[in-house]
Amino acid sequence: MAETRFLADYRPWPFRLIETRLDITLAPRGSCVRSELALERTGPGPLVLDGGAGLHTLSVCIDGAAVPPEALAIGGEALTIGDRALPEGRFTLSCTVEIDPEANTALEGLYLSGGIFCTQCEAEGFRHITWYPDRPDVMAPFRVTLRSDMPVLLSNGNPVASGPGWAEWHDPWPKPAYLFALVAGDLRAVSGRFATSSGREVALNVWVRPGDEDRAGFALESLVKAMRWDETAYGREYDLDVFNIVAVDDFNMGAMENKGLNIFNSRLVLASPETATDSDYERIEAVIAHEYFHNWTGNRITCRDWFQLCLKEGLTVFRDQQFTSDMRSAAVKRIEDVVTLRARQFREDAGPLAHPPRPDRYEEINNFYTATVYEKGAEVIGMLRRLVGDDGYRRALDLYFDRHDGQACTIEDWLKVFEDATGRDLTQFKRWYTDAGTPRLTMAEDWDQGAGRLTLRFRQDTAPTPGQPDKPPRVIPIAVGLLSPNGDEVVPTRVLEMTDAEQSFAFDGLGGRPVVSLLRGFSAPVTVDRRISRSERALLVAHDTDPFARWEAADSLAMDSLVAMAAGAGSDPALSYAYGGVLAERAMDPAFLALMLRLPAEDEIAAEMARRGAVPDPDAIHRAREALMTELATDHARVLDQIMAEMDCPLPYAPDAAQSGARSARLAALALLSRIDGGERAQAVWDRAGNMTERMGALTQLIRAGRAEGALAWMEQRFAGNRLVMDKFFTVQPMAAAPDRALPVARALAARPDFDIRNPNRFRALIGGFGANHAALHAADGSGYDFVADWLIRIDPVNPQIAARMCSLLETWPRYDEGRRAHARRALERIAALPGLSGNTAEMVTRILA
Ligand code: 0A1
Ligand code: ZN
């Protein structure tokens, strides 16, 4: 088992790294890496470099002379040169190692993806390339020579010179090793140019495999939009002559912000109307922007250590969310972000893997690229901005860039710029970074008719999380508005700042008792308990001026109904009535309408039941949700059909907000209607579909209705050579299948020769698709847990990062009944007992079982 690292143990590295030179000769089985590090001592102690088991060390020299064996120790993961072998002042350490990219199935360090050499160095991948101070606070300019007969040779920074079989790159901006990258392959560029606001000309390239060029245009357009936006919104300009993006098929995550050379999972680059859905397009635009924004928030200013990961990730997610809100509909984006936050981060916070946005200990840092670090990290910044206002936020960010450019920083540095720029004391606010768990906000109302006064009494409680039994109160910005009983807004949005465990706020001068629109814009990542009548909720659904609160009122009405139905009650007629009102409203943005029509997912219902102290029954939840959809479809069939007709988009296809909104409303209506027509309409949509969005919408319903054979056969035949489309084929079948069909379907898919577990996308597609079928994953006989465990066991020796990440499919086991819990525990213990289990997976399984 790996050892635990603690935030409190941070020590600066006792050397200064002045420059890094690399000379790399690429070959699939034996790549030779020669490094030269210009160093200077700044503190006492030996020189310790990080490295991995895969380094075959050929030489280690100081100022050209071999380090004597008695001064050199090469043990498992460290190379140590004794104090006395080190010269005073500046010296050069050169190492030569050989590595084997072809054997690298973990996809960390240098590896091959479909014949393309590429790298992934975050968080600690560089140590698999050569011996190095592989920590984010050691930054240096890089000069890199690549040697290979591949036609395209790329690294960070600007190109310096090249000839047949070699290329030299120079990155003048000091960077930590995790931002290093190289790519060598037979690639084609889709190119453009960008003139920065101060007149610098930048060459832009999106590099793809020959034949994929016609699917790279949207990524390039997205990049240009992101570059312009960062100049306007944050005053941040690009700082090199070239910006390269490379798409590879085998990648553990979504994409990586290596300086000037972003490497992407091809699913976040390649798109055409025939192969990608509207959500794929939206995601591509967002991730291209995210990686680009890292150039300032992550690269120019990086993290002191990996405990500070949310410093760059929370901020960059916050920035990409702002970007998408500006490019598309802000209201819709906010709701989508909250849905994801609740589905992933609240789930994490409520279970055994709960941790703060800035953890203070870890075993394997790769296990901390989590929804809490990313999405909650972004929410925390949203709260900060709400508290200091837009101007305060802008001043703080300007100060952050001014003060910390070129540095490796901490959350303390970040909070300090807000304190200095706005004069606010953020001592209590800091708890959002250091404390885990989702606060539960309880609100009660006192109405004094005589005085015309409404008093809102709040309480905040946070349940204990692993290692953190006590939860002191946090600062919670609560955005509130008041509506009169006829739906007019009588008090516009006001942000109440709650700082105590219990606190009251009064509104005076009211003519009559208003209805409270609470937590507008989702002003804080908390759950809310309030007593509110159905008619008040219905009033909010019909009239709230805040789109988030309006959606939330509909969502919670549906949630209450579903929770009651899953516990055996009948459905609530108020819900269908409220839906009728929504459907009758013609002026609504179609994308917003689609969200209003959406019912909470089965996993969300289970989470809510657990939060309310009940034990969720997955089968009952599935039946309840199906019954409610059937009822809504039956009650509103006519108007749903009208929506389907009205929202049929004209050609040509565009992945913009307007068209994709219309398609999502149409497909939401189709999903409801398919519950009552045996899949007739879905078949019609499939037969006429002109793009992948409609195809996937229809196919999902055809699978549910058990009549997808023809569609699946067509898809397989038409797209056999397209890995990204075939990933959809692998996901949608187990996901949409009836719970008792999902396992046989998943097993059959797993037996296919194209289920290649060395490709992370394919593995995630099938196992993740199965895991998204809530009732199948949590089957009472434990078969779902066993299936997942079997595959985690198979993938762990191939790719430990993917195995560890997918363990989170099992993180919710404590919610369920004793029978299911016993099955889940046995499945987890079976993984834990595996000889040679990776440290990554061992840490996850241990935490999940604890
Ligand atoms: N920094 C990247 C995400 C990333 C993290 C880790 C990786 O390998 C373990 C790869 C990519 C981002 O935020 O997009
Ligand atoms: Zn990121």
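**Helix packing and backbone features of the predicted model**

Residue K416 lies in helix α6, which covers residues 411-422. The structure described here is a predicted model. K416 has 18 C-beta neighbours inside 10 Å and therefore counts as partly exposed, since a residue is classed as buried when 20 or more other C-beta atoms lie within that distance and as exposed when there are 12 or fewer. K416 and L426 are separated by 10 residues in sequence, and their C-alpha atoms are 8.2 Å apart in space.

Helix α2 comprises residues 278-293, and at 1.5 Å a residue its 16 residues should span 22 Å; the C-alpha atoms at its ends are 23 Å apart, which agrees with this expectation. The helix is mostly covered, with 14 of its 16 residues buried. One of its partners in packing is helix α3 (residues 309-327): the two axes are 9 Å apart and the packing angle is about 135°. Helices α2 and α3 are therefore oblique to each other, and their crossing is right-handed. On the α2 side the contact involves E285, A286, A289, H290 and F293, which meet T316, V317, R319, D320, F323, T324 and M327 of α3. Sorted by class, this contact of α2 with α3 contains six nonpolar, three polar and three charged residues.

The crossing of α18 with α20 is right-handed. Helix α18 contributes D727, F730, T731, V732, P734 and M735 to the contact, while α20 contributes N761, R762, A765, L766, G768, G769 and F770. By class, seven residues in the contact of α18 with α20 are nonpolar, four are polar and two are charged.

Backbone geometry was also examined. The peptide bond joining E122 and A123 is cis, with omega about -5°; A123 belongs to the loop between β11 (116-120) and β12 (140-147). A cis peptide bond also leads from L651 to P652, with omega near -5°, and P652 is placed in the loop between α13 (618-646) and α14 (657-673).

L107, which is not a glycine, has a phi of about 60° and is found in the loop between β9 (90-99) and β10 (109-113). With 25 other C-beta atoms within 10 Å, L107 is buried. F522, likewise not a glycine, has a phi of about 50° and lies in the loop between β30 (515-518) and β31 (527-530). F522 is buried, with 22 other C-beta atoms within 10 Å.

How values were computed
Residues numbered from 1 in each chain as written. Chains lettered and ligands numbered in written order. Predicted model: local features only at pLDDT ≥ 70, side-chain atom pairs only at ≥ 80, totals over all residues. Left-handed = near helix turned anticlockwise from the far one by under 90°. Helix = DSSP H or I, 4+ residues; strand = E, 2+ residues; numbered from the N terminus. Contact = placed C-beta atoms within 7 Å. Nonpolar A, V, L, I, M, F, W, Y, C, P; charged D, E, K, R; others polar. Expected span 1.5 Å × (residues − 1). Axes fitted to C-alpha atoms, helices over the stretch in contact; angles between N-to-C directions. Parallel < 35°, antiparallel > 145°, perpendicular 65-115°, else oblique.
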